[in-house]
Amino acid sequence: MENNKSLHDLPLLKRYKLLHQSSPLPTPTTYTPPAKKRVWALGPGSPLPLIDDEPEPKKLNLNLNEHPPEEEPKPTDDDDDGISCAVCGSTDGDPTDPIVFCDGCDLMVHATCYGDPLTRGVPDGDWLCSRCGSDDVTAGYDCCLCPMKGGGPTKPTVDGRWAHVLCAVLVPEVFFRDAEGREGIDCSEVPKERWMGRCYVCGVEGGGCVIECSEPKCGLGFHVSCGVGEELCIEYREGRGRSGGVVAGFCHDHTQLWKKQQLTGKFKIVPRERDAARKTKG
């Protein structure tokens, strides 16, 4: 019978048709990506878009005269958002010592670096720094301890002038009558030679108070603002009342030397006898 015949026994035309018949299409199936590929930053109830397993291959550009586009640098962990304390320069802040913004001039300061009223509690509403909150429109708000115009936060002195909080902290004989709140800047004990000293960084003489390099026989002096701008080493010891102050400050060359000596751990900065005596007198 014909059904028992092999394929080779069939006529040529019929055998050709049997060999070239289309095979049935397979039953289509659905594919659901794994859960980790379906996660998407959408709100609750939003449909989850599917992400392809295979990324689309990049097309090869064979045009040798065309320069490839420059890739944008990837952000690193070291990048900050521009928020830093205007007193200490640090970008670190936490709930116990936040960085607070002045609503008048966008000044940024740690609560503890600025002092009162922030040390008594950060206000829920607007906060104005001492300069923005001052009612005296004729006052000169520039620092009396350095020649820098503007700069970091200033507060009034007890004799009617203004001074940078940082300058008041780092000039040895200057102290706060309210040390914890950093209020009542008192410059009455600053010696005349410090007022008349010459800053080797900016070249100004008599334009504020200079700190002498602590290296013996160096003789160079600099303003606090100039030293901070040049990243000079200024060691400070926190204290209450008149017990705190600068322990040592170095010019550029001796700052580099001090950094190398610090790596050995064999050297320790101690106060000069003259400055220590000034801090304890009275």
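The model is predicted: local features need pLDDT of at least 70, side-chain atom pairs count only at pLDDT 80 or more, and totals for chains, interfaces and linings use all residues. Residues are numbered from 1 along each chain as its sequence is written, and side-chain values use heavy atoms, without hydrogens and water.

**Cores.** A nonpolar core is a set of buried Ala, Val, Leu, Ile, Met, Phe, Trp, Tyr and Cys residues joined through side-chain atoms within 4.5 Å. Buried means under 20% relative accessible area, exposed over 50%, partly exposed in between (1.4 Å probe, protein chains only). The largest core holds 38 residues. Val109, Trp127, Leu145, Val174 and Cys187 have the most contacts inside it. A second, separate core of 6 residues includes Cys213, Cys233, Ala248 and Phe250.

**Contacts.** Contact means heavy atoms within 4.5 Å. Beyond neighbours within four places in sequence, Cys187 touches Cys144, Leu145, Thr157, Arg161, Val174 and Trp195. With that exclusion, Pro98 is in contact with Val109, His110, Ala111 and Val122. Pro98 is partly exposed, at 23% relative accessibility. Its C-alpha atom lies 8.6 Å from that of Thr112, 14 residues apart along the chain.

**Cysteines.** A disulfide is a pair of cysteine sulfur atoms within 2.5 Å. The whole structure has 0 disulfides.

| Cysteine | Nearest cysteine sulfur | Distance | Relative accessibility |
|---|---|---|---|
| Cys132 | Cys105 | 3.6 Å | 30% |
| Cys251 | Cys218 | 3.8 Å | 3% |

Cys132 is partly exposed, whereas Cys251 is buried. The sulfur of Cys251 is too far from that of Cys218 for a bond.
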